[in-house]
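Have the viewer open while you read.

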Amino acid sequence: MQLRERLNAELKEAMKSRDTLRLSTIRMVLSSVKNRDIELRRELNDSEITEAIVTLCKQRRESIRLFKEAGRQELVDKEEAELALLMGYLPQQLTREELAELVAKVIAEVGATGGKDMGKVMKAIQPQVAGRADGKLVSEVVKEKLA
């Protein structure tokens, strides 16, 4: 089942079960996907939909950080619940150890020797970890390995 079909099916299911959080989160994803469809003048494929979901996850993480700083726990809870639902639509996330192994392999392939080669490594690893690891975490691991 494609991701778009899965989202639509779960939207209907959330409507029937009156699950307002799931319903609003899925609507938010579908809205974001529809806007990208219009922008690109074509339907997005599964990997592009995954990218849109990753973007929404980043937004949720930033909101959580800001709401914690402001002391708005009720909003933190809501954003965390949305983030958990969004993560369910992403591929299985890589652990830090799996990511470290992958980074080491890419560094060897690219022939990177130090911090100045970070851009090369990031460019090579990004397609392999898209949707499976947070970019911030990937950057941290690459910096550690190149140091």
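Predicted model: local features only at pLDDT ≥ 70, side-chain atom pairs only at ≥ 80, totals over all residues.

## Helix α1

Start with α1, residues 3-17.

Which residues of α1 are buried? They're L3, R4, L7, E10, L11 and A14. Looking down the axis of α1, these buried residues fall within an arc of 125 degrees, so they line one face of the helix. Turn to the face pointing away from that buried side and you'll find K12 and K16, which are exposed. The cover over the buried residues of α1 includes α2 (20-40) and α3 (46-70).

## Helix α5

Now for α5, residues 96-110. The same kind of check works here: 15 residues at 1.5 Å each should span 21 Å, and the end C-alpha atoms of α5 are 21 Å apart, which agrees.

The buried set in α5 is L99, A100, L102, V103, V106 and I107. Why do they count as being on the same side of α5? Because they cover an arc of only 165 degrees around the axis. Over on the other side of α5, E97, E101, A108 and E109 are exposed. As for partners, the buried residues of α5 pack against α6 (118-129) and α7 (135-146). G111 follows α5, and its phi is positive, near 80 degrees.

Notes
Residues numbered from 1 in each chain as written. Heavy atoms only, no water. Helix = DSSP H or I, 4+ residues; strand = E, 2+ residues; numbered from the N terminus. Expected span 1.5 Å × (residues − 1). Buried < 20%, exposed > 50% of the residue type's maximum accessible area, 1.4 Å probe, protein only. Arc of directions from axis to C-beta. Contact = heavy atoms within 4.5 Å.
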